[in-house]
Amino acid sequence: MSDLKNKNIILGVCGGIAAYKSAELVRLLIKQGAQVQVVMTHSAGEFVTPLTFQALSGRVARDTLFDLDAEAGMGHIELVRWADLILIAPATANTIAKITHGIADNLLSTICMASKAPLLIAPAMNQQMWINAAMQDNIKMLLRRQTVTLCGPAAGEQACGDTGPGRMEEPAQLLKRCITLLKSNQQLSGNQSPGKRLKGKKILITAGPTIEDIDPVRYMSNRSSGKMGYAIVQAAIDEGAEVVLVSGPTVLTAPAQAEFFMVRSALEMHDKVFELIDSADIFIATAAVADYRPVKKVEQKIKKNNTTLILELIKNPDILADVAALANKPLCIGFAAETNDVKNYALDKLKRKNLDMIVANKVGESQSGGNTGFEGDNNELNLYWNNPADRTELRTKNLPYASKYQLAGQLIDEIVLLFT
Ligand SMILES: Cc1cc2nc3c(=O)[nH]c(=O)nc-3n(C[C@H](O)[C@H](O)[C@H](O)COP(=O)(O)O)c2cc1C
């Protein structure tokens, strides 16, 4: 009951409906031994009174930068030095934009600018605000910062009557994230941020489609854009990992920090992966590898002479299953993109291929109604894995509809927990 003993937490509260949940959050943090200093924006005061937070935290809730009394005592810089963690819950679209772009025009955004402490952000807003392009651009930019972690938003029914992503993550969940974040921070040597949790780890990632040639001008492929895989590459780099990307043809640019190999067919991808796998600690197979290829590639263009044409196909090797069957296999994470019966297919793959985790998504539509799967910028993921301590216990986690980069960060968070 004292996972946060001696930890100093600044809880930033912004002007959103979910501000009432922050009161419960203060209670939970304090119960775990933390000292909590609430910093409210002016808009937050429209939803909850400072007195509520003062009564729960035992400290005067701060809401003003230009406060003569406070600046003479625990001024904003002292507050910055005091904090082991800054948690903003709820984080409004407005405050997220300010922090992303370095606008220090109130106490909370100034503290964020001046602090080196890990910053955990729990967005809460209307679903249209959340999927708005400006919001998503800001989030992408913000998450590239090593000290910033996102928790949520969850999807579901909203106070305004809409349904979709934008609900603040529940206080109990936020409490867990604070504990893991501070623990992983403590485990790191020196002053490394939680953005270096994969330092020293080598991750091999496959992404994109494969192309199976039929003749010199025709081929078989699939709709994979590679966006999910490339987002995971970036998220892994952001956590300090050494990343090798083996990609089928895409229009995307590989992050400069990744070692990059472009391949075309499933056989080429298989060969390249096996050339590189020995040194990998983690293998993440996001590529949509063709299950079949033509038995032989016809040397000349096939002519339109017959009414029907039979193409004989042969099964491609299963790259992920082959890696997972190695005696000294790395941690193996697979992807299952399915149009139906997603959970059952995913669980079958997890077991049959002896994987450490399977990441499933429905191609078409998410639970919250957004488009998911190939080509788009957003997705919704369901993670399934066996408890490493007791392989019979199945664990699951839903990562609600969000940008692929954001989901990639959340997936990396789970992989870190699995790995450490
Ligand atoms: C009733 C009401 C509810 C609101 N709820 C939210 C919300 O949940 N999320 C959000 O980003 N903005 C919400 N807003 C808009 C913010 O209050 C507004 O953008 C404000 O400038 C945020 O200021 P802050 O970021 O300094 O707290 C709401 C506004 C009103 C009037």
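1. The model is a predicted one, in which local features need pLDDT of at least 70 and side-chain atom pairs count only at pLDDT 80 or more, while totals for chains, interfaces and linings use all residues. Residues are numbered from 1 along each chain as its sequence is written.

2. Strands here are DSSP runs of E with at least two residues, helices are runs of H or I with at least four, and both are numbered from the N terminus; two strands pair if DSSP finds at least two bridges between them.

3. Contact means that the C-beta atoms of two residues, placed from the backbone, lie within 7 Å.

4. Several pairings within the sheet can be followed residue by residue. Strands β8 (residues 202-207) and β11 (residues 242-247) run parallel and are joined by 6 bridges, with V243 of β11 as the bridge partner of I203. Strands β13 and β16 pair in the parallel sense over 4 bridges, and I282 stands opposite L331 in β16. On to β17, β16 is joined by 6 bridges, again in parallel, and here E338 stands opposite K362.

5. How much of helix α10 is buried? The answer is 12 of its 12 residues, where buried means that 20 or more other C-beta atoms, placed from the backbone, lie within 10 Å of the residue's own, exposed means 12 or fewer, and partly exposed lies in between. What covers these residues includes β8, β11, β13, β20 and α14. The end C-alpha atoms of α10 (residues 227-238) are 16 Å apart, which agrees with the 16 Å that its 12 residues should span at 1.5 Å a residue, the expected span being 1.5 Å times one less than the number of residues. Just after the helix, G240 takes a positive phi of about 90°.

6. A second open sheet has 5 strands in the order β2-β1-β3-β4-β5, and its pairing is parallel. Its edge strands, β2 (35-40) and β5 (148-150), each pair on one side only. Between β4 (residues 119-123) and β5 there are 3 bridges, and I121 has L150 as its bridge partner in β5.

7. Within strand β1 (residues 8-13) lies G12, which is buried because 29 other C-beta atoms lie within 10 Å. Although G12 and V39 are 27 residues apart in sequence, their C-alpha atoms are 4.8 Å apart in space. Neighbours within four places in sequence left aside, G12 is in contact with V39, I86, L87, I88 and L108.

8. The ligand is surrounded by 15 residues, the closest being C14, G15, G16, T41 and T92; a residue counts as near if its C-beta atom, placed from the backbone, lies within 6 Å. Helix α5 (residues 93-101) gives the largest share of this shell, 3 residues.
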